[in-house]
Amino acid sequence: MAGVPLIRFAAGAEGGVERFAVHDQAALGHASMIGDQVPAPGAPGALDSLLLPTPPLPHEPGRVREYRLQAIDREIEVAQGVHFAAWTYNGTVPGPVIRATEDDLLRVRFVNGGAHPHTIHFHGIHPANMDGVFEVVDSGDEFTYEFPARPYGMHLYHCHTTPLKKHIHKGLYGAFIIDPPEPRKPAKELVMVMNGFDTDGDGENNFYSVNGKAFYYAKYPIEVRRSETVRIYLANLTEFDLINSFHLHGEFFRYYPTGSTDFFEYTDTVMLSQGQRGIIEIDFHHTGKFMFHAHQSEFTELGWMGFFDVVD
Amino acid sequence: MSAESGAARRPTTARWRLWAFVPLVLLVGAVALAGGTGAPVTELVRSNPPPADEFAIRRVTFEPGEIRIRVTNPQQADLTIATVTVDDAVVPYELDGPGTLGRLRSATIVVPFDWVQDDPITVGVTSSSGIQTTEAIPAAVETPGVSGGSILGYGLIGLLVGVVPVALGLLWLPTLRQTAPEWLAAFMALTAGLLSFLAVEALSEALTLQAALPSAVGGAGVVLLGFALSYLTLTLLSHRLGRGSAGSAGPLRGLALATLVAIGIGLHNFGEGLAIGSSFALGELALGTFFIVGFMLHNVTEGLGIAAPAAEDGEAVRFSRLAVLALVAGAPAILGAWLGGFFTSDILAVVFFAAAAGAAAEVVLEVVRFVARKAPGGLTSPHVIGGFLAGLAVMYATGLLV
């Protein structure tokens, strides 16, 4: 048919010239975006209270560690310009880092300032009546959780009110570190809670992050020193998706699952199911900017991506 | 006496005419009052659902290294573009204006992106409230810009699917003129059948398209408006033509009826051209040999539909008149292809498909009126019934090819 080549001509889609042009302009590809060009919410240092834990305290059995957690319904910016009606502990998602040394007596006063009933369910070893399952705290009420901190390792806490999916994906969770009696060797310590946000309520996450803001550490890379071990307390609190992962570029690390033993794996990628967590220790060989991200490409490109800026 | 009463009535009439403005003034007052107290009313009812916050994605076009997304805010409340995704990945983008859109305001999002030729691709726009609107494109193809080549290309598409088949169909005229009257009636009925088919098809298309429009601009009312507009215009036109040819108000016949059929078909082909042009521009259509041949076969029957009433005239029709008929019926496909190929055409497509349905319905009525009065055996002869059904069957069968 005479018509066919003419129609191709009209489409102008098959020429080699156009194909090369496509690749010429690919410099703005988003996977490698870093710094100011990154669409990320928040100011520099905005997530420091979640990223940088308080230093560990020496072993002192019976010492009381007090925390106060308040449930607050609050709108938070989870991706550039995108606001999410979150349920938070103390106003942030994830909630504050709770830290104790093994054999400390933890006393966590929980005040429910949200519109719905909530609890706090801690991972670890504790009596059944401190488990945050049966002691549902109604809106306006409060409850104090009290139990000895054990075993040492990287743990987590979250609301255990039904419907569970709703109470967790809305943002009621956080990191819970119990330090061993024998202190870990000194390191630059960081906390990273992997999570996702279903902003349109369809049961699938629209954005992913560590510590609650998509692409935040791509816009503001985390500066670390090559001479110093980097220790990351990593937890997966992503809802809806069965697993999440952590992958580091250009380097290997020691991964201690749950951080409760000396056992570690030497790798550059770890996979965590919902509720799984562990401790990563990195000794960087090289300076420069090294990417870290979920090795699920989709999560990476929806916000779970950042950089270490390794300097001398 | 009568002059006096007339003079007495006049001021009264004027007063009552002025009275017509009173409801309008009161309406403005009522609207202002309700608008000012809108929030307390909502408070009383205690129901204030959040806005849907979904965008209407009007058109997605592809250029080398770039995707352009045209979005409209279809709702009452303002809507803010927060993030843009391509295939579930957040991408940097630029806007041609402010990111917050008022009601029915539009913006174009420009995304630098290395898209892959012929691959399916999904773009998403997320509002500041986190609601994501996505649009799946079956195959990414570079959108033809306005150039000499593409103008010629779309023109040729329109020519091939519109003018050529109609002109070929018209070539049956001499054969039809030799046909016995009952068989000519059968062909007239066939014309009515195929036009009925086109009317239903166009109406269904118009209703489908309007459902996809932002509800603020769409609505079945637009379809009714388009339908009524063309139906009534053609009614008026047929009335004029009928008087002109016969001098009496009898049923329209011969060349006049053929002209009306051509106008109805022309409107339909305009809509068809519009649909082909925009689908092709947006990569929704693989325009191959098969497609062109299918449309040609489909539309050749339209030429037959015009030829049948013309044959009834008995006297020879000048070639130039036939050429004009072919252009009236076929050339709108060229215009439609251009419009659909180069511009956003969703509302236009609804109006034109509705107009095509209205025109086809009116012409069916004219043909039926003619057959009822003039054909041997009237409407109930087996030739007429068979012809009508054959018209539907032919359109259905050739439609399968497209």
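**View 1. The largest nonpolar core.** This core holds 105 residues, and Ala214(A) and Ile109(B) have the most contacts inside it. A nonpolar core here is a set of buried Ala, Val, Leu, Ile, Met, Phe, Trp, Tyr and Cys residues joined through C-beta atoms within 7 Å. Buried means 20 or more other C-beta atoms within 10 Å of a residue's own, exposed means 12 or fewer, partly exposed is in between, and C-beta atoms are placed from the backbone. Strand β9 (residues 188-197) of chain A gives the most to this core, six residues. Apart from this core lies another, of 91 residues, including Tyr154(B) and Phe370(B).

The model is predicted: local features need pLDDT of at least 70, side-chain atom pairs count only at pLDDT 80 or more, and totals for chains, interfaces and linings use all residues. Residues are numbered from 1 along each chain as its sequence is written, while chains are lettered from A and ligands numbered from 1 in the order in which they are written.

**View 2. Strand β19 of chain A and its partners.** Strands (E, at least two residues) are DSSP runs numbered from the N terminus, and two of them pair if DSSP finds at least two bridges between them. β18 (residues 288-293) and β19 (residues 305-311) of chain A run antiparallel over six bridges, with Gly288(A) opposite Val310(A). β11(A) pairs with β19(A) too, in the parallel sense over four bridges; here Ile222(A) has Phe308(A) as its bridge partner.
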